[in-house]
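Please read it alongside the model.

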Amino acid sequence: MKTENLPQITGFADLLLDAVCAVDQSGRFVYASAACERIFGYTPDEMIGRLMIDMVAPEDRARTLEEAREVMSGKERVGFENRYVRKDGRLVHIMWSARWSDTDQLRIAVARDVTRRKRTEAIQAAVYAISEAAQVAEDAQALYRTIYHIVRPLVPADNFALALRDEQTGALIYPWYMEGARRIMAPRPRSLGQLFNQVYDNRAALRLDNLSPTAPLAADMAGLPLAWLGVPLLSNKGALGVLAVMRTDGTAFDDDEEEVLQFISTQISMAIEHKEMQMRLQRQAQYDDLTGLPNRALLGDRLEMAIARAQRDGRVLALLYLDLDKFKMVNDLWGHAAGDGLLQEVARRLQKCVRRADTVARLSGDEFVVLLENFEPRSLEETVQKIAFAVSQPVLIEGHVHPLRVSIGVALYPEHGLDARQLLKHADGAMYQCKRGGGCAVTR
């Protein structure tokens with residue numbers, strides 16, 4: 001390429017904040033203004049002679065080549081955006097204006113760094129997406145999965161972790177920890193846990209390139225090209241946990257990435273708190289506070305679904321209605337705290353007697369219901385007797401052995417009813433018939 005064919009732009013172009021480039025027919029840079037070094041990390045001399053496409057992010061190369069062909073065919077272009085890989089390995093977002101000069105046989109282009117604008121747009125989109133996920137995620141795990149997919153494009157990293165404070169132990173647990181494409185239970189090497197604890201305890205962001213690692217941490221990481229960045233998840237109630245990312249290719253996290261992670265950590269904290277509140281309210285609406293068993297409302301939902309399955313599969317289901325005889329005596333003699341303890345013990349005994357697929361519910365007071373599905377009809381009597389025997393064992397209360405008596409009524413689908421109301425009514429009536437007969441017995 002003859003340098004005299006280069007447009008007379010060099011002196012003026014070097015004063016511009018935007019980069020000015022010229023690329024020949026073969027796709028090689030023949031001119032780069034001074035601003036190129038700020039945007040791309042390469043000096044103008046380093047860029048001249050390089051293939052333009054080699055600097056483009058691999059994912060954007062195909063459409064960039066297509067765009068170059070359009071410009072070389074005579075189409076002027078304003079506002080084309082793609083990504084380049086800087087000399088330091090970081091991605092930079094570029095908006096181009098370009099045209100083809102037939103006279104000089106050059107593609108002349110002006111490049112503007114729009115990385116900050118793109119980052120701001122991505123952060124805004126992420127904030128909205130996290131807020132939406134807090135509303136629609138089915139459960140906490142679904143929320144964590146969504147957060148992972150939202151954060152990953154903003155701060156690319158091999159590993160991603162959410163560490164949350166366990167309310168019971170006060171220690172950090174890891175409900176979501178991605179190591180590459182795999183879910184794992186805890187950080188590896190184990191001493192990485194020290195970084196999580198340091199971020200949590202200090203309530204401050206931490207990067208692996210700006211800390212003084214302890215001897216065990218340094219030993220574990222010897223020879224590993226790790227870059228680690230963690231930020232605290234803060235709320236009005238204090239620290240919820242830590243959000244952390246890690247790279248294993250040696251590429252360090254920069255100030256912009258730390259700023260991004262800190263910014264969205266606030267929204268993530270709010271989302272986690274909202275989901276936890278939703279789950280608490282849902283549990284309060286569906287479970288008994290004292291025993292932790294499903295309540296009447298949840299039992300009704302499960303019974304309706306069980307009836308639908310039994311009808312579809314031509315199966316039998318059983319509904320057991322249990323009432324503790326003379327329970328009021330416990331409250332009168334030893335107080336309501338003792339009565340609560342007795343009900344909790346009965347709940348534990350009932351759960352031990354049935355399979356995990358079965359439902360044990362507390363309706364109110366000392367009334368319980370057991371829903372049995374997918375069982376052999378000939379084994380029903382044995383199961384009911386097993387429950388009656390387990391529940392009727394004496395209970396130690398306030399140093400006194402208190403005998404228990406239970407009355408159980410049984411209803412079968414479809415023999416005793418075709419819907420939930422009919423089955424509950426039949427089982428309740430059978431239980432009262434049992435109670436009138438002296439209790440501690442079973443009847444259908």
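In what order do the 5 strands of the open sheet lie? The order is S2-S1-S5-S4-S3, with antiparallel pairing. The model is predicted: local features need pLDDT of at least 70 and side-chain atom pairs count only at pLDDT 80 or more, while totals for chains, interfaces and linings use all residues. Residues are numbered from 1 along each chain as its sequence is written, and side-chain values use heavy atoms, leaving out hydrogens and water.

**Sheet and packed helices**
- Strand S2 (29–32) and S3 are the edge strands, each pairing on one side only; two strands pair if DSSP finds at least two bridges between them.
- Helices (H or I, at least four residues) and strands (E, at least two) are DSSP runs, numbered from the N terminus.
- On average, neighbouring strands of this sheet are turned by 30 degrees against each other, direction ignored.
- S4 pairs with strand S5 (residues 106–113) in the antiparallel sense over 8 bridges, and Ser 97 stands opposite Val 110 in S5.
- Helix H5 (residues 61–72) packs on the sheet and touches S3, S4 and S5, contact meaning heavy atoms within 4.5 Å.
- The direction of H5 makes about 145 degrees with that of S3, whereas H6 lies across S3, S4 and S5 at about 125 degrees to S4.
- Axes are lines fitted to C-alpha atoms, for helices over the stretch in contact, and angles run from 0 to 180 degrees between N-to-C directions.

**Domains**
- The assignment, automatic or from a database, gives domain 1 (11–114), domain 2 (137–285) and domain 3 (296–437).
- The centres of domain 2 and domain 3, taken over C-alpha atoms, are separated by 44 Å.

**Largest pocket**
- A pocket is an open set of points on a 1 Å grid over the protein atoms alone, where a 1.4 Å probe fits, with protein on both sides within 12 Å along at least five of seven lines; lining residues have an atom within 4 Å of a point.
- The largest pocket holds about 830 Å³, a volume being the space filled by probe spheres set on the points.
- Its lining has 28 residues, with Leu 91, Pro 153, Leu 154, Pro 156 and Glu 257 nearest the centre.
- H6 gives the largest share of this lining, 7 residues.
- The largest pocket lies between domain 1 and domain 2, because both give residues to its lining.

**Second largest pocket**
- The second largest pocket has a volume of about 660 Å³ and is lined by 23 residues, among them Arg 165, Glu 167 and Arg 280.
- H10 gives the largest share of this second lining, 7 residues.
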